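Morning, everyone. Let me put the next model on the screen, and then we'll go through a sheet and some salt bridges.

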Amino acid sequence: MPTAYDPFRDLDRVASALFEPRRGPRRMPMDLYRDGDHYVLTADLPGIDPGSVDIDVDGQLLTIRAERTLAAGDGVKWITREREAASFLRQLNLGQGVDTERISANYTNGVLSVTIPVSEKAKPRKIAVEHTDASSTPSPAGDRVEPVEQ
């Protein structure tokens, strides 16, 4: 059964191309959550060649770059072409509580997953409470911890 021509669909596509310029890198949709002692970042990168995905850390800045290229042979006559070649870019400030040396990444089925471990210093920990009986002599004044005024 042939599909009916819809002039509004074509008008919508032309208007989008004119009024939504796509210069420069696009942002990728992303989710970020904490799961125990690590953060997980997932980003949609459909149609991306895994070899084009580049992730780097400079200080506390995590940068993700990717390229989508579209191959077209010589003599191809396009019937419709709505997918575009594109560059994707996302940058995140990681803060001080993560272990930037152990960040890992995986790209499966168009979804990039980046695992960002929490640093040992930032992990919650228990503090042991020592018990002394009342007959003990107090420690000298030089051993006291004084409150810090702000």
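Strand β3 pairs with strand β4, residues 61-68, in the antiparallel sense, over five bridges. Strands here are DSSP runs of E, at least two residues, numbered from the N terminus; two of them pair if DSSP finds at least two bridges between them. Within this pairing, isoleucine 55 has isoleucine 64 in β4 as its bridge partner.

A word on the source. This is a predicted model: local features need pLDDT of at least 70, side-chain atom pairs count only at pLDDT 80 or more, and totals for chains, interfaces and linings use all residues. Residues are numbered from 1 along each chain as its sequence is written, and side-chain values use heavy atoms, with hydrogens and water left out.

Back to the sheet. It is open, three strands, order β3-β4-β5, with antiparallel pairing. β3 (54-58) and β5 (86-93) are the edge strands, each pairing on one side only.

Now the salt bridges: a side-chain nitrogen of Lys or Arg within 4 Å of a carboxyl oxygen of Asp or Glu. How many does the structure hold? Three.

Arginine 65 bridges to aspartate 54, closest N and O atoms 3.7 Å apart. That links strand β4 to strand β3, eleven residues apart in the chain. Aspartate 56 also bridges to arginine 65, at 3.2 Å.

Then arginine 102 with aspartate 99, again 3.2 Å. Arginine 102 is partly exposed at 48% relative accessibility. Aspartate 99, at 18%, counts as buried, meaning under 20% relative accessible area; exposed is over 50%, partly exposed in between, with a 1.4 Å probe and protein chains only.

Shared partners join Asp54, Asp56 and Arg65 into one salt-bridge network.

Definitions and conventions. Helix = DSSP H or I, 4+ residues; strand = E, 2+ residues; numbered from the N terminus.
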